[in-house]
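Open the model in your viewer and keep the selection panel handy. The stops below each tell you what to select and what you will find there.

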Amino acid sequence: MSTIGTERNLRIMTGTVGGQGGGVIATWLVRGLLNSGWQAQSTSLLGMSQRAGSVTAYIEARQGATSLPLVSSYPVPGDLDLVIGQELLEMARILQQGLPGRECAIISNTHRYLATIEKMPAEGGIYSSEAILNAVQQMAPNRHWLFNAQHIVAEAGLSPLSTNAVLLGAAMGALGLDAAPFRQSIEEAKIGVKDNLLAFDLGYSQVQDGTLPTAQFIDPRPQSPWQAMQEERTAKLQRYGGDVTAYGRLMERFTTELRGLDPAIGAEALYRLIDYQDGAYAELYLQRVKVRADAEAG
């Protein structure tokens with residue numbers, strides 16, 4: 001890796017889906033490299049779907065150059081030095097094309113956001129995480145970090161939107177680049193600066209000290225009773241200024257007026273609707289569900 005960025009361009013590719021901030025992490029990367037005194041250029045390819053369409057960015061950079069030599073708009077097989085995946089399957093697509101080089105580092109979030117093609121089959125079409133892990137272990141046996149970024153930022157009490165910063169920190173730590181220019185790029189972007197800086201430092205330091213998981217997969221299915229689920233969602237609303245009072249009141253109505261439905265559905269649905277809008281919006285949902293339930297019961 002010592003010649004990367006000096007004798008040849010540094011080559012990076014990111015894989016995300018729509019809505020995950022793929023453009024944000026690519027911007028942080030390019031600005032961070034520019035702040036480091038590198039020349040850098042990126043090309044993005046956006047999927048057709050705003051939410052869950054494949055989004056990739058390809059970046060080439062040269063250290064200490066006054067101008068960037070002719071660069072490709074897309075990588076060639078066996079040439080990437082770094083792969084960053086915010087969604088596990090999108091990272092796997094990059095691997096499937098044979099794009100990583102022999103010394104490539106692979107950084108990926110294992111929390112499943114799910115691509116469009118995984119959501120389409122009625123019987124369930126989620127691609128095997130184990131198969132993806134096996135491919136990563138073969139292609140980068142000693143240079144991979146697959147971890148649940150959502151879990152890591154939640155454990156640290158940080159915003160769930162700071163997962164890209166954890167991935168960026170881990171990636172720069174893996175490449176051995178100075179953290180300061182990339183922290184500066186996060187500050188310059190002026191998006192959730194406080195939590196993103198803390199998340200960046202978390203990823204960077206854990207790669208450096210060897211504590212970042214290399215294969216962390218957490219089962220996304222609820223494992224706790226709905227009461228514990230409600231408590232967890234209440235804590236999240238408190239943390240981000242949501243209407244906790246409305247959530248408790250509507251959950252009480254859900255469990256008493258809709259006894260035929262699993263309370264876990266209400267715990268999650270009402271939380272999401274209040275987080276997205278407010279208590280009145282969630283109450284409208286509850287009213288409509290009750291009308292439907294009463295009609296079916298009759």
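The tour goes from the nonpolar cores to a pocket, then to some salt bridges and a loop residue.

This is a predicted model, in which local features need pLDDT of at least 70 and side-chain atom pairs count only at pLDDT 80 or more, while totals for chains, interfaces and linings use all residues. Residues are numbered from 1 along each chain as its sequence is written, and side-chain values use heavy atoms, with hydrogens and water left out.

**Stop 1: the nonpolar cores**

Start by selecting Leu33, Leu82, Ile107, Trp145, Phe147, Met172 and Phe200, which touch the most other members of the 41-residue largest nonpolar core. Such a core is a set of buried Ala, Val, Leu, Ile, Met, Phe, Trp, Tyr and Cys residues joined through side-chain atoms within 4.5 Å. Buried means under 20% relative accessible area, exposed over 50%, and partly exposed in between (1.4 Å probe, protein chains only). Helices (H or I, at least four residues) and strands (E, at least two) are DSSP runs, numbered from the N terminus.

Next, center on Trp145. Leaving aside residues up to four places away in sequence, Trp145 touches Ala105, Ile106, Ile107, Ser108, Ala174, Val207, Leu212, Pro213 and Thr214; contact here means heavy atoms within 4.5 Å. Another core, of 19 residues, lies apart from the largest one, and Tyr58, Val83, Leu89 and Leu133 are among its members.

**Stop 2: the second largest pocket**

Select Leu89, Ala92, Arg93, Leu95, Gln96, Ile117, Glu118, Tyr127, Ala131, Ile132 and Ala135 to show the lining of the second largest pocket. On a 1 Å grid over the protein atoms alone, a pocket is an open set of points where a 1.4 Å probe fits, with protein on both sides within 12 Å along at least five of seven lines; lining residues have an atom within 4 Å of a point. The space in this pocket is about 240 Å³.

Color by secondary structure, and you can see that α2 (88-96), α3 (116-119) and α4 (129-139) each supply at least two lining residues. The largest share, five residues, comes from α2.

**Stop 3: salt bridges**

Side chains of opposite charge can pair when their charged atoms come close. The model has 15 salt bridges, each a side-chain nitrogen of Lys or Arg within 4 Å of a carboxyl oxygen of Asp or Glu.

Select Arg112 and Glu87, whose closest N and O atoms are 3.2 Å apart in their salt bridge. Arg112 lies in the loop between β5 (100-109) and α3 and Glu87 in the loop between β4 (80-85) and α2, so the pair ties together parts that are 25 residues apart in sequence. Arg112 is buried at 16% relative accessibility, and Glu87 is buried at 0%.

Move on to Arg183 and Asp201, a salt bridge with its closest N and O atoms 2.9 Å apart. Arg183 sits in helix α7 (residues 180-189) and Asp201 in helix α8 (residues 193-209), so this pair links parts 18 residues apart in sequence.

**Stop 4: a loop residue**

Finish at Asn148, in the loop between β6 (144-147) and α5 (149-155). Is Asn148 buried or exposed? Asn148 is buried, with a relative accessible area of 5%.

Key. Points joined across faces, edges and corners; volume = space filled by probe spheres on them.
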